[in-house]
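Me: I have a protein model open and want to learn how to read it. Can we go through it in questions and answers?

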Amino acid sequence: MSTRQPLTEIAHEGWLPYLKPGSWAIDATAGNGFDTEFLADQVTKSGRVFAMDVQECAILATRTRLENASLIERVSLVRADHARIRDSFACGMRGEVDLICFNLGYLPTGDHNITTSRESTVPALYESLLLLKPNGALSVIAYRGHKGAQEEADSVEGFFMKLPAPWKCVQHVATGTEENPGPVWWMASAR
Ligand SMILES: C[S@@+](CC[C@H](N)C(=O)[O-])C[C@H]1O[C@@H](n2cnc3c(N)ncnc32)[C@H](O)[C@@H]1O
């Protein structure tokens with residue numbers, strides 16, 4: 001598919017049915033905080049967003065973005081590997097989260113050698129299913145251009161093709177061409 005609208009914006013639109021005032025959401029790759037800011041805006045002041053990243057500079061960038069948008073009170077920031085997503089948050093969150101998103105790859109403004117990898121991403125996706133509400137959603141955007149990215153995207157594809165019941169893949173948008181593959185978005189829900 002060739003699309004002029006950035007895939008992140010398409011994904012944000014796809015998240016809307018799962019987010020309402022008071023919702024809980026997790027951004028498993030906070031990066032520069034664009035997705036965290038979108039989530040914090042949607043959940044309103046009665047909701048909560050938990051944002052995680054392995055890099056301190058990403059946590060700081062996300063904090064600054066949320067402070068500038070006056071949304072920081074709705075957000076908890078955690079520096080951790082998302083492979084430990086279940087241990088990183090209170091056990092009371094099991095089955096309580098409305099939406100979990102992963103925007104894979106590297107921090108565009110940072111060290112491009114620090115990227116997500118299939119070794120931590122795939123376990124994190126399985127753990128995420130345990131944190132979600134039965135009518136919640138799991139969203140993943142994967143890139144295919146940098147070293148290891150195609151292998152990671154193939155593993156994510158495999159995860160979405162073999163989702164345990166009652167989860168099913170409800171969105172799948174692949175951009176680019178065979179010669180020049182672009183990012184891919186998947187979303188799972190049990191709805
Ligand atoms: C494409 S960026 C995320 C963009 C972000 N969602 C935004 O809105 O700006 C990917 C991020 O994943 C982070 N990352 C890499 N490996 C990770 C891991 N194992 N656990 C959590 N975050 C990781 C990187 O540090 C980077 O900041």
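This is a predicted model: local features need pLDDT of at least 70, side-chain atom pairs count only at pLDDT 80 or more; totals for chains, interfaces and linings use all residues.

Me: In what order do the strands of the open sheet lie?
Reply: The sheet is open and has 7 strands.

Me: Which are the edge strands?
Reply: An edge strand pairs on one side only. The edge strands are β3 and β6.

Me: In which sense do β6 and β7 pair, parallel or antiparallel?
Reply: A hairpin of 4 residues joins β6 to β7. Cysteine 169 has alanine 188 of β7 as its bridge partner. Over 7 bridges, the sense is antiparallel.

Me: Over how many bridges do β2 and β3 pair?
Reply: Phenylalanine 50 stands opposite serine 76 in β3. The two strands, β2 and β3, run in the parallel sense. The number of bridges is 5.

Me: Which strands does α3 lie across?
Reply: Helix α3 covers residues 56-68. Its direction makes about 170° with β3. The strands it lies across are β2 and β3.

Me: Is α2 roughly parallel or oblique to α3?
Reply: The axes of α2 and α3 are 9 Å apart, and the packing angle is about 40°. Angles under 35 degrees would count as roughly parallel. This angle therefore makes α2, relative to α3, oblique.

Me: Which residues of α3 make the contact with α2?
Reply: From α2 come Thr36, Glu37 and Ala40. The residues of the contact are 2 nonpolar, 2 polar and 2 charged. On the α3 side they are Thr62, Arg65 and Leu66.

Me: How many residues of the shell around the ligand are polar?
Reply: There are 23 residues around the ligand. Of these, 9 are nonpolar and 3 are charged. The polar count is 11.

Me: Which residues come nearest to the ligand?
Reply: Both α2 and β2 supply at least two residues of the shell. The nearest residues are Thr29, Gly31, Asn32, Phe34 and Asn103.

Definitions and conventions. Residues are numbered from 1 along each chain as its sequence is written. A residue is near a molecule or strand if its C-beta atom, placed from the backbone, lies within 6 Å of it. Ala, Val, Leu, Ile, Met, Phe, Trp, Tyr, Cys and Pro count as nonpolar, Asp, Glu, Lys and Arg as charged, and the others, Gly among them, as polar. Axes are lines fitted to C-alpha atoms, for helices over the stretch in contact, and angles run from 0 to 180 degrees between N-to-C directions. Angles under 35 degrees count as roughly parallel, over 145 as roughly antiparallel, 65 to 115 as roughly perpendicular and the rest as oblique. Two residues are in contact if their C-beta atoms, placed from the backbone, lie within 7 Å. Two strands pair if DSSP finds at least two bridges between them.
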